[in-house]
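Subject: Structure handover

Hello,

Here is the structure I promised to pass on. Please open it first, then read the notes below it.

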Amino acid sequence: MTAAPNPASATGRAKSLRPRARLAVAAGRFVAWASRVVQFGTGSVIGGRVSLLIDRNLLSELTASRDVVIVSATNGKTTTTKLLSSALGTSRPIVSNWLGANMTPGIVAALASANATDTAVLEVDERWVDSVLRATNANTVVLLNLSRDQLDRTQEVRKLAEQWRIALETTPPRTVVANADDPLVTWAALAAPNVVWVGTGQEWTADAAGCPACSGRIDFTDAGWACTACALRRPSVDVTLANGAIAINGRTMSGELALPGRVNRVNAAFALAAASAMGTDLDQAFDGLDDVREIAGRYRVAQFCDTRIRLLLAKNPAGWHEALELLEGPSTPLIIAINARIADGHDPSWLWDVAYERMGQRFVVAIGERRHDLAVRFRYGNINHIVADDLESAIKLVRQSPAYDPTMPIDVASNYTAFQDHLERVGGVL
Amino acid sequence: MTSLPATRLNDSAVRIVSLYPDLLGTYGDGGNALVLSRRLEWRGIAVEHITVDAGEPVPDSADLYLVGGGEDGPQVQATRELEQSRGLHRAVDNGAVVLAICAGMQILGHRFPDANGTSRPGLGLLDCETIRVDRPRAVGELLTTSAQLTTPEGIIELGQLTGFENHAGRTIPGSRSQTLSAVEVGEGNGDGTEGVITGKIVGTYLHGPALARNP
């Protein structure tokens, strides 16, 4: 049974707010509680929506007396938000929208239950950076990357870069931490007065060949990138990643991290750069990074159908590019699940932008609502595969395969809503 | 996938060129090259697939050219480079087949709108013109009625075509072109027709990729 919200503590936390904002917070908390009681969901988004109906400016009020840092990107924003929260959390109290609700209602819901002065570490949807920045006057903004994702909703990646650029011009934060290897992010961040440039060597460049500043062509070399027609080029960087070690402020941070893969080293470099820019001691911040073991169920190893499975998330071509680093090594069978609901993008044609061939001869079971689209992609890619109706039958098929290794968890790589489904199935709590 | 200079093209194989996938490849259209290559291989026909990135010379002696969809900015750059190179123009004069998707179709026409909505000259290879219209972007599933292709060798029945469309422009086919089909669900060219065909150049708004969804 979910505990009813305590009105006394709600008003206590929100006592610096105006009466209208207090009412908005209390109503939102009540609706969220009711939503949980009827098992509709976590209630955070609907609660936030109700709060905003009562007080449109609630986000401004909830952030008036706290430090705010915004993290946005196509990929890695949830992970980097968690890493940054952990790094900053070593030196100050923080609040974050960990439930993954990354638009204004979800952010309002997360902040409503926190102390008024806790530092807010906010994951923000790419399309909401402008409005959240304006409402919160965030003093630090972390911008990781922009690439094709849900094109039925965002349409053109360059338009997002332009929105970011205008947002940073209109509401300049004290510091922007930005990816110098992503021309779209760089162009947006150049509008800000003070940028910490992070250069981690971005491998996915397929969305950035056209210059966002002049429509010319960007030339990529091992040394960096530059537009062949205008002055836009890779800025000289302040933070780098080489052989897994993060070089920052004259130091080299090379300890172990609990999260696997190169991509998480990249996310860690951004989190460390932001924590340092916000005044946290580097050693302390780095220790904080290692405390993060999984992100909202990603990389979780769970028991399901008497079998150990490992849940992986990859939701667009750039994300798959990174995920395939983990998937191209082993020879054991795996499961891939693809849906095409609103949050995934309704059009799965991006499957053809993913080099699934990198998995070599691994046997793959295709599941999810768009398993047949995936199977067509695999057929033309000469990938050894079969289609199954659900996770249970997929596991059964993997276990029957001669290449199955019972000592290893079966990798289940899914896009967004398929991942959420699986997490729920294995009893995962966010 | 190989990248070879024009002089080393294999004589006996069917030569397929993917044009500027770095500028015009946002939408899975690269899959069309994979589908064609595999289907030729399955029939025992040798195939050579060449990827030509922007800034590289465009070979003029291949059999088939694939041009994909892209964003407004990069499509302007692709047009500029193709206009300078003239490789695609020479290939079309030599009788090559071209399949151009979405932005690819728009730039092959006489005129198309850039990111600011300003009309720019296209390559003039496909007899059509694309204009910016004041209405919501066309995004969603696209289904056509049964498509027929009239060729010098006779009529080819293609059946119904499906795909996913995502574009702002409206394309007006010219008098020297035929359309690919009529729209049953979706927007297509914007006047109830879908696609433009001029000679051996086929343009369409069907992503999917088109050849994967319509084998």
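Let me start with a hairpin. Strand 12 of chain A and strand 13 of chain A form a hairpin with two residues between the strands, where Cys305(A) takes a positive phi near 55°. Helices (H or I, at least four residues) and strands (E, at least two) are DSSP runs, numbered from the N terminus.

Some ground rules. This is a predicted model, in which local features need pLDDT of at least 70, side-chain atom pairs count only at pLDDT 80 or more, and totals for chains, interfaces and linings use all residues. Residues are numbered from 1 along each chain as its sequence is written, while chains are lettered from A and ligands numbered from 1 in the order in which they are written.

**Around the hairpin**

Strand 12 (residues 301–304) and strand 13 (residues 307–313) of chain A pair in the antiparallel sense, over four bridges. Two strands count as paired if DSSP finds at least two bridges between them. Ala302(A) has Ile309(A) as its bridge partner in strand 13 of chain A. Strand 13 of chain A also runs parallel to strand 17 (residues 410–414) of chain A, with five bridges. There, Leu312(A) stands opposite Ala413(A).

**The nine-stranded sheet**

Chain A has an open sheet of nine strands with mixed pairing, in the order 2-3-1-4-5-6-9-10-11. Strand 2 (94–96) and strand 11 (251–253) of chain A are at the edges; each has a single partner strand, so one side of each is left without a neighbour in the sheet. On average, neighbouring strands of this sheet are turned by 15° against each other, direction ignored. Axes here are lines fitted to C-alpha atoms, for helices over the stretch in contact, and angles run from 0 to 180 degrees between N-to-C directions.

Strand 4 (residues 140–143) and strand 5 (residues 175–179) of chain A run parallel and are joined by four bridges. Leu143(A) has Ala178(A) as its bridge partner in strand 5 of chain A. Helix 11 of chain A packs on the sheet and touches several strands, including strand 1 (68–72) and strand 6 (195–199) of chain A. The direction of helix 11 makes about 25° with that of strand 10 of chain A. Two residues are in contact if their C-beta atoms, placed from the backbone, lie within 7 Å.

**The core**

The largest nonpolar core has 184 residues. Such a core is a set of buried Ala, Val, Leu, Ile, Met, Phe, Trp, Tyr and Cys residues joined through C-beta atoms within 7 Å. A residue is buried if 20 or more other C-beta atoms lie within 10 Å of its own, exposed if 12 or fewer, and partly exposed in between. Among the residues that touch the most other members are Leu143(A), Leu272(A) and Tyr65(B). Helix 11 (residues 262–277) of chain A gives the largest share of this core, eleven residues. Contacts of Leu272(A) include Ile246(A), Met253(A) and Phe286(A), not counting residues up to four places away in sequence.

Ala188(A) belongs to helix 10 (residues 183–189) of chain A. Ala188(A) is buried, with 28 other C-beta atoms within 10 Å. Among its contacts are Leu143(A) and Trp164(A), not counting residues up to four places away in sequence. Glu162(A) is 26 residues from Ala188(A) along the chain, and their C-alpha atoms are separated by 6.5 Å.

**Where the chains meet**

In all, 23 residues of chain A are in contact with 27 residues of chain B. On chain A, helix 8 (151–154), helix 9 (157–170) and helix 14 (371–380) each supply at least two residues of the side that touches chain B.

Seven of the ten residues of helix 14 of chain A are buried, so this helix is largely enclosed by the rest of the structure. Among them are Arg371(A), Asp373(A) and Phe378(A). The buried residues of helix 14 pack against elements of both chains, including strand 14 (334–337) of chain A and helix 1 (31–42) of chain B. Just after helix 14 of chain A, Asn382(A) takes a positive phi of about 55°.

**Chain B**

Chain B has five helices and 16 strands. Of its 215 residues, 51% count as buried. Strand 8 (residues 138–144) and strand 11 of chain B run antiparallel, joined by six bridges. Gly140(B) stands opposite Glu165(B) in strand 11 of chain B. Strand 11 (residues 162–167) of chain B is mostly covered, with five of its six residues buried.

Best wishes
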